Each structure stands twice: as structure tokens, then as C-alpha cells.
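Reader: Please take a close look at one part of this model, the aromatic contacts and the strand pairing around them, and take me through it in one connected account.

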Amino acid sequence: LASRILYRVFSDTSFKRGGRFYGGWWQNIPKEFRTKLLINGKRTVEFDYSGLHPALLYARVGAGIPDDPYEIGLDPTHRKYVKKAFNAMLNANNDLRSPPKGLPVKNTGLPWKDLKQRIKDKHSAISDYFGTGEGLRLQYIDSCIAEELMLRFIEEKSGTALLPVHDSFIVHHGYADELKNMMLEIFERDYGAEVGVKELEKALADNAYRAFTQTAKDIETVLQLNNIGHEVRLDTYRKYNLSQG
């Protein structure tokens with residue numbers, strides 16, 4: 001149900017280019033809505049590679065992968081700016097003399113030259129890759145990882161749907177361990193190093209709040225409860241029993 005609702009809501013032209021969609025529609029919706037996706041009426045989980053592109057480069061040069069490649073001594077709220085700057089430097093074909101478009105460098109409290117240098121100092125082991133366009137080649141590598149994961153879920157998990165979102169993946173919550181282990185296995189097998197894989201914010205069934213409202217008397221509203229999903233109904237039943245002592 002949530003998937004169908006979100007598809008209708010986000011089939012707006014603002015998510016199209018030239019009248020066509022690019023990629024799966026779930027990739028274009030705001031991040032906070034992804035936690036509400038249901039697959040066959042069941043809640044989902046999303047697992048993400050931690051700093052996949054930096055991890056690939058560190059594994060290539062045989063250096064230890066940092067826990068957080070985007071931590072360079074700034075306020076934690078500036079992490080997203082560091083990540084954007086890092087990726088821009090990696091994707092560029094030359095040294096970026098000015099910040100990439102849309103990056104509010106002044107918010108970090110550093111001029112672009114100093115921010116860039118901090119990133120280079122943090123990643124001295126792979127700094128030779130900045131300004132070489134390597135980021136685009138890494139995008140091909142992570143697409144190969146995504147393809148293998150999706151095909152293996154189809155072949156080994158009875159056709160289970162696995163939804164890719166860049167370097168993270170969404171699956172029915174019952175396959176959480178299988179997804180995480182497979183992501184770790186592929187990276188270690190192909191690159192000979194361990195990488196971080198983290199679960200993003202736990203998914204919640206969209207419309208779950210309706211299960212806690214007083215049951216309406218009109219039949220159409222009552223029947224809508226069937227669309228919430230059996231897990232939400234079961235959870236509501238258990239909580240009701242607990243409330244009755």
C-alpha cells in the first residue's frame with residue numbers, strides 16, 4: 001500500500017527529466033519517506049556501505065580504511081558538506097580552484113582552499129586520485145556491486161526484491177542479516193578488506209498511526225485497516241492486550 005501511495009504522490013513531473021523517469025522511483029523520493037516503504041505489506045530495512053568510494057580506494061592502495069572518511073575536525077553538522085566536497089574533488093578531472101556549485105562553503109567556517117587541503121591531509125594515502133575523474137570509475141564499480149546483490153537475491157532468495165539506492169539497499173526486514181552479510185562478503189572477496197555496513201533508520205509502516213485510532217463505524221474506513229499490513233494489526237492487538245492487564 002505504501003509503495004502504491006508513494007508512487008502516485010511522487011510521479012510528479014518534478015521527479016522527471018524530459019518527461020522520463022531515471023532509475024527506480026524510490027530513488028527519487030525524500031530520504032524520510034524511504035523508511036516507510038513496504039514490500040508486500042511488510043516493513044523494510046535499509047543497509048548502507050560506509051563511505052564506499054573512499055573504502056574502495058583505501059583497499060586498492062592497501063591502507064587502513066578510516067571509520068568516518070568525512071570527519072575532518074569540523075562540527076558534525078558540516079559532515080554533509082565535507083562529503084560533497086570530497087566527491088566533487090574525486091569526480092573532477094582537474095584540481096578544483098573553486099567550490100562545486102551548491103556547496104555553501106562559508107557554512108563550514110573555512111575558505112574553499114583550506115577545506116580542500118583538510119580533505120587532502122585527511123586522505124593523504126589516496127590524495128593522488130583527487131582531480132583525476134576517478135569518482136566516475138568508482139560509480140561503475142559500485143553499480144557492479146549493486147547488480148550482483150540484486151541478482152543473488154533473485155537467484156538465492158526466491159526472487160526477493162532488493163531495491164538499490166546508490167550504495168544502500170532496501171529489503172523486506174526478514175532478510176536483514178542476509179543482506180548485511182552479503183554486502184560484507186562481496187567487498188571482502190573482491191577487495192580484500194573489511195568495510196563498514198550500517199543499518200539506516202529503522203523503517204516504520206506508513207499509516208501505522210491509523211492502527212491506534214478508535215475504530216470508525218462506517219464500513220469503508222474499517223476495511224481500510226486491511227491495507228495497513230498484518231504486522232501492524234498484530235502489534236496493535238498485543239498492545240491492546242497489555243493495556244488490559
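Author: Both Y49 and F187 are buried, that is, under 20% relative accessible area, where over 50% is exposed and anything in between is partly exposed (1.4 Å probe, protein chains only). The model is predicted, so local features need pLDDT of at least 70 and side-chain atom pairs pLDDT 80 or more, whereas totals for chains, interfaces and linings use all residues. Numbering runs from 1 along each chain as its sequence is written, and side-chain values use heavy atoms, without hydrogens or water.

Phe, Tyr and Trp rings (for Trp the six-membered one) pair with centres within 6.5 Å, and are stacked under 30 degrees, edge-to-face over 60 and tilted otherwise; the count comes to six aromatic pairs. For Y49 and F187 the ring centres are 6.3 Å apart and the planes stand at 45°, so this pair is tilted.

F153 and Y175 make an edge-to-face pair, with 6.1 Å from centre to centre and 70° between the planes. Because F153 sits in helix α6 (residues 134–156) and Y175 in the loop between β4 (168–172) and α7, this pair ties together parts that are 22 residues apart in sequence. The two partners are covered as follows: F153 is buried at a relative accessible area of 0%, while Y175, at 24% relative accessibility, is partly exposed.

Returning to Y49, this residue forms one aromatic cluster with F187 and Y191. Its strand, β2, is mostly covered, with six of its eight residues buried. Strands pair if DSSP finds at least two bridges between them, and β2 has several such partners, which can be taken in turn.

Strand β1 (residues 38–39) runs antiparallel to β2 and is joined to it by two bridges, with I39 opposite K42. These two strands form a hairpin with two residues between them, and in the turn N40 has a positive phi of about 55°. The pairing of β2 with β4 is also antiparallel and extends over five bridges, V45 standing opposite V171. Strand β5 (residues 197–199) is antiparallel to β2 as well, joined by three bridges, and here Y49 itself stands opposite V197.

Notes. Helix = DSSP H or I, 4+ residues; strand = E, 2+ residues; numbered from the N terminus.
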